[in-house]
Amino acid sequence: MQDFSSYLPGIFLAYSAFLLAIASPGPNILAVIGTSMGIGRRSGISLALGVASGSFTWALLTVCGLSAILAAYASALWVIKVLGGAYLLWLAFKSLKSAASRHDIEARELAGGRRTPSGYFRRGYVIQMTNPKAALAWIAIISLGLQKGAPLWVGAAIVLGTFLLSIAIHVLYAVAFSTPVMVRLYGKSRRVIQGVLGTFFAIAGVRLLTGRS
């Protein structure tokens, strides 16, 4: 039981970092919001599920890759933490910069015409899998919870937990932003939200960079 509980803080920290990342609208989130606003809730949910499936794929690939690297090269953990911590600090900078800006979010309908629900699902998956920043984001998230010598269940818990969170949050975005009221509410509170997110990204980044291997 003590061994089990010793890994829980890292797992929950990985969940927290993922929630923070997904709460800060990037291209994928904006695509979901724009689709829900411009086309409808059903299309937005289909796109959201595709994005969530892409997140699951990235998480699985990252856990398997980092586990293999750590098993072969013990010193690689330091490099991984530096990359992850630097990326979190970069996210902190972006969030705080957004908080200082008066510029609102730009959520647009996807180019290429309207699609079937399965078409939006595939497009969401492709959008997530071709995001060049996804690898660094998942390295940061996974490295917060995956310690050297951690058993397989730790990686599985992070992958499955973030997948369920991804489905819930992306679908919530699709449902919420299909209503004009939510769009207005977010516009009014955006700068405060981004400021809070930037602060937490900075704390997580510093913790990752200064934590013990």
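Please keep in mind that the model is predicted. Let's start with the overall build. The protein has eight helices and zero strands. Read from the N terminus, the order is α-α-α-α-α-α-α-α. The protein has 213 residues, and 43% of them count as buried.

How does the span of helix α7 compare with what its 25 residues should give? Helix α7 covers residues 152–176. At 1.5 Å a residue, helix α7 should span 36 Å. The C-alpha atoms at its ends are 36 Å apart, so the two values agree. Which residues of α7 are buried? Among them are Val154, Gly155, Ile158 and Val159. Further along α7, Gly161, Thr162, Ser166 and His170 are buried too. Tyr173, Ala174 and Ala176 are also buried.

Next, empty space. Rolling a probe the size of a water molecule over the atoms shows where such space is left. How many cavities of 30 Å³ or more does a search of the whole structure find? The search finds one. The largest cavity holds about 40 Å³ of space. What lines the largest cavity? The lining includes Ala17, Ala21, Tyr87, Leu88 and Leu91. Ala137, Ala140, Ile141 and Phe201 line the largest cavity as well. Three helices each supply at least two residues of this lining: α1 (2–23), α4 (76–100) and α6 (134–145). And what kind of residues are these? The lining has nine nonpolar residues, no polar ones and no charged ones.

On to aromatic rings. A pair of aromatic rings is described by the distance of the centres and the angle of the planes. The count here comes to four aromatic pairs. Take Phe12 and Tyr15. Their ring centres are 6.0 Å apart, and their planes meet at 75°. Edge-to-face means an angle over 60 degrees, so the pair Phe12 and Tyr15 is edge-to-face. Where do these two sit? Both are in helix α1, three residues apart, so about one helical turn separates Phe12 from Tyr15. In general, an α-helix has 3.6 residues a turn, so residues three or four places apart point the same way. Tyr15 counts as buried, because its relative accessibility is 17%. The cut-off for buried is under 20%.

Now a polar contact. Gln128 lies in helix α5, which covers residues 117–129. Gln128 has a relative accessible area of 7%, so Gln128 is buried. Which side chain does the side chain of Gln128 contact? The partner is the side chain of Ser55, in a polar contact at 2.8 Å.

Two links across the chain come last. Ser53 is found in helix α3, residues 41–72. With a relative accessible area of 17%, Ser53 is buried. Ser53 and Met129 are 76 residues apart along the chain. Yet their C-alpha atoms are separated by 9.2 Å.

Val192 counts as exposed, because its relative accessibility is 59%. Val192 and Leu96 are 96 residues apart along the chain. The C-alpha atoms of Val192 and Leu96 are separated by 9.5 Å.

Definitions and conventions
Residues numbered from 1 in each chain as written. Predicted model: local features only at pLDDT ≥ 70, side-chain atom pairs only at ≥ 80, totals over all residues. Heavy atoms only, no water. 1 Å grid on protein atoms, 1.4 Å probe; cavity = no way out; pocket = protein on both sides within 12 Å on 5 of 7 lines; lining within 4 Å. Points joined across faces, edges and corners; volume = space filled by probe spheres on them. Helix = DSSP H or I, 4+ residues; strand = E, 2+ residues; numbered from the N terminus. Nonpolar A, V, L, I, M, F, W, Y, C, P; charged D, E, K, R; others polar. Phe/Tyr/Trp six-rings, centres within 6.5 Å; stacked < 30°, edge-to-face > 60°. Buried < 20%, exposed > 50% of the residue type's maximum accessible area, 1.4 Å probe, protein only. Expected span 1.5 Å × (residues − 1). Polar contact = N/O pair within 3.5 Å; in protein donor to acceptor, adjacent residues only side chain to side chain.
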